[in-house]
Amino acid sequence: MPNIASILKSEISRVARKEVRAEMETLKKASVHHRAAIAALRRQISSLEKELRNVAKGTSRGVRVSAPDDSGDEGPKRRFSAGRLAAHRAKLGISAAAYGKLVGVSGQTIYHWEQGKARPRAAQLLSLAAVRGLGKQQVAQRLEGAE
């Protein structure tokens, strides 16, 4: 006949392992949940920091651009996007030099604007807006007339 103490000890060990296993599963699930929440918060912090940098860049540029505009408030504010400029020029199928003739600047200037190395001034933004409203045929007519 087995010893009651050893049977009791083994039964207590078995029940304890079962309880520990159940608690560990709960802790693992909580850990997974917390890790996912931490990752989401990190992504949110990263996007907020990026947005803050963009706002900081925008305000520093906005201060420089808005000072001359305050005196002559001629019309709506114009925004500039290097990617949109490049896309419009590609859509028209013309070179940077030809696009520069339309706007009244050099082809190198157009290239620098598209690369983001420079930004157009307020007067040039108005010229860009005027060219932006032209179609392929109108652009071809203007370029033929300019030659």
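## Contact range and overall make-up

Among contacts between residues at least 6 apart in sequence, 61% join residues at least 24 apart in this chain, which is here described from a predicted model. The chain has 6 helices and 0 strands, and the order of its elements from the N terminus on is α-α-α-α-α-α. Of the 147 residues in the chain, 18% are buried.

## Helices H2 and H4

Helix H2 covers residues 82–92 and helix H4 covers residues 107–115; the axes of H2 and H4 are 7 Å apart and the two helices pack at an angle of about 130°. H2 and H4 are therefore oblique to each other, an angle of 65 to 115 degrees being what would count as roughly perpendicular.

On the H2 side the residues that meet H4 are Ala82, Leu85, Ala86 and Arg89, and on the H4 side Ile110, Trp113 and Glu114 take part. Sorted by class, the contact of H2 with H4 has 5 nonpolar and 2 charged residues, with no polar residue.

With Arg89 in particular, the side chain of Glu114 forms a polar contact of 2.6 Å.

## The aromatic pair

A search of the whole structure finds 1 aromatic pair. The ring centres of Phe80 and Trp113 lie 6.3 Å apart and the ring planes stand at 70°, so the pair is edge-to-face, since planes over 60 degrees apart count as such.

This pair links distant parts of the chain, with Phe80 in the loop between helix H1 (4–72) and helix H2, and Trp113 in helix H4, 33 residues apart.

## Helices H3 and H5

Helix H3 (residues 96–103) and helix H5 (residues 122–132) have axes that come within 9 Å and cross at roughly 110°. H3 and H5 are therefore roughly perpendicular to each other, because angles of 65 to 115 degrees fall in that class.

From H3, the contact is made by Tyr99, Leu102 and Val103, while H5 contributes Gln124, Ser127, Leu128 and Val131. By class, the contact of H3 with H5 has 5 nonpolar and 2 polar residues and no charged ones.

## His88

The place of His88 is in helix H2, where His88 is buried, with a relative accessible area of 3%. Leaving aside its neighbours within four places in sequence, His88 is in contact with Tyr99, Val131, Arg132 and Leu134. Two of these partners, Tyr99 of H3 and Val131 of H5, also take part in the contact between those two helices.

Conventions: Residues numbered from 1 in each chain as written. Predicted model: local features only at pLDDT ≥ 70, side-chain atom pairs only at ≥ 80, totals over all residues. Heavy atoms only, no water. Helix = DSSP H or I, 4+ residues; strand = E, 2+ residues; numbered from the N terminus. Polar contact = N/O pair within 3.5 Å; in protein donor to acceptor, adjacent residues only side chain to side chain. Axes fitted to C-alpha atoms, helices over the stretch in contact; angles between N-to-C directions. Parallel < 35°, antiparallel > 145°, perpendicular 65-115°, else oblique. Contact = heavy atoms within 4.5 Å. Nonpolar A, V, L, I, M, F, W, Y, C, P; charged D, E, K, R; others polar. Phe/Tyr/Trp six-rings, centres within 6.5 Å; stacked < 30°, edge-to-face > 60°. Buried < 20%, exposed > 50% of the residue type's maximum accessible area, 1.4 Å probe, protein only.
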